[in-house]
Amino acid sequence: MGAQRAVQAHEGALTSHDASSGRPSESPRLELDLTVVAQSFRIFERSLPHVEPAYAVKANPLPEVLSLLAGLGASVDLASVGELDACLMAGFEPGRMSWGNPVKKPSDVRAAVAAGVTRFTTDSAGDVDLLAREAPGASVTVRLAVGDNGSATPFAGKFGVAPDEAATLLRRARDARLRAHGLGFHPGSQQADPSSWRRGIAACRAAAEGFGGPIGELNLGGGFPTVHAAGPVPGLREIAAAIDAELGDWRPHLVAEPGRALVADAGVLVAEVVLVTERAGRRWVYLDVGRYQGLAETEGEMIVYRLHCPGHRPDAAVGPVVLAGPTCDGDDVLYRRADVRLPLDLAPGDVVEFLGAGAYTSSYASVGFNGLPPLPTVLVNPPTPERTPD
Ligand SMILES: *Cc1c(COP(=O)(O)O)cnc(C)c1O
């Protein structure tokens, strides 16, 4: 629904505002509709009404996105000093910030404390000890590892601990005079299986029982999926129902860290065909955007975007393609295995749009691989005060 709106915005009122160095006609570019971000935020709030929504900044750290969400009352989940500074600039109060990255330097923690941040996520003894030294009295949430089957981009063991280890870390935090306050998990990004949240909550409950002390906060992580080519994903209400069912009468303060769910639908990545050619019996289409200008999530073909060719009739004859990026790198091929079909008469100069591309695109673009600049963002439909009430 949101992506549809963003496409309409593109076809209708493009060029109203230039968010970075992007000129409106420049290709490739990310066209971002802030009204869709606002709408996605409200849908999230309505679907999970008892949950504090803390935007995961890395999904799209554009200053305009951050100040919009700050104005709408969101909290934020931070991972670095750069994100901390961007959020302060955007107007987030330190009380609405939490530092979700369990891998930190002493200088990170010092900067967060100096800014007034008091909530941190941890998942190791070394990090608990660091927090005890640099952030005395801070609130600590211990992150559990949950099976991330069903996730398009799983963490595969990079973060989190088992319930018994989580209980041990909470005790370690309490003994170090930190506030051993929370438990949490992240079920893996683009998570298509609502029962992943149930497994995460069950693991947190086991950790809480092992700990014995009161648990004030439960962090449900991110992972809320958006629509891509892979077909239907569960809606937020279905996930909310799974969460409620698993919580039963357990009533800690709930936090979630949506990234993708708040910004993906707001973005259309507009690219251009550079070359079409035949290689070993397959039709190769080379675009002016690839893995290194923002399409990092095509790695392993994890995310297969919906594509739209605005210059072609919807009923144009299509055929399978290998879709490749413009650089001289052999890995810069977006889709070889995925069933991607594009118009048979596609030619250099034609526009190809990646729908639902507002998350994890501009923030992943390299600074200049092969001399190609990072993906510029162009705002379409800039919100007026009337359009974004409260
Ligand atoms: C990236 C990240 C998120 C956001 O994940 P989405 O799948 O985009 O919702 C939330 N929490 C943490 C700790 C993250 O690293």
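The largest pocket holds about 670 Å³ of space. Of the 28 residues lining this pocket, Lys58, Phe155, Phe159, Tyr360 and Tyr364 are the closest to its centre. On the 1 Å grid over the protein atoms alone, a pocket is an open set of points where a 1.4 Å probe fits, with protein on both sides within 12 Å along at least five of seven lines, and lining residues have an atom within 4 Å of a point. Grid points are joined across faces, edges and corners, and the volume is the space filled by probe spheres set on them. This is a predicted model, with local features needing pLDDT of at least 70 and side-chain atom pairs pLDDT 80 or more, while totals for chains, interfaces and linings use all residues. Residues are numbered from 1 along each chain as its sequence is written, and side-chain values use heavy atoms, with hydrogens and water left out.

Sorted by class, the pocket lining has 13 nonpolar, six polar and nine charged residues. Here Ala, Val, Leu, Ile, Met, Phe, Trp, Tyr, Cys and Pro count as nonpolar, Asp, Glu, Lys and Arg as charged, and the others, Gly among them, as polar. Domain 1 (61-258) and domain 2 (264-380) each supply at least three residues to the lining; these bounds come from an automatic or database domain assignment. The centres of the two domains, taken over C-alpha atoms, sit 33 Å apart.

Asp127 belongs to helix H6 (residues 125-134), helices being DSSP runs of H or I with at least four residues and strands runs of E with at least two, numbered from the N terminus. Asp127 counts as buried because its relative accessibility is 5%, the cut-off being under 20% relative accessible area with a 1.4 Å probe, protein chains only. Pro102 is 25 residues from Asp127 in sequence, yet their C-alpha atoms are 7.1 Å apart. Neighbours within four places aside, Asp127 touches Pro102, Lys104, Thr121 and Thr122.

Ser75 lies in strand E4 (residues 75-78) and is buried too, at 3% relative accessibility. Setting aside neighbours within four places in sequence, its contacts are Glu52, Pro53, Ala54, Tyr55, Phe92 and Arg96.

As for cysteines, Cys87 is buried at 0% relative accessibility, and Cys204 is buried with a relative accessible area of 0%. The whole structure has zero disulfides (pairs of cysteine sulfur atoms within 2.5 Å).

Conventions
Buried < 20%, exposed > 50% of the residue type's maximum accessible area, 1.4 Å probe, protein only. Contact = heavy atoms within 4.5 Å.
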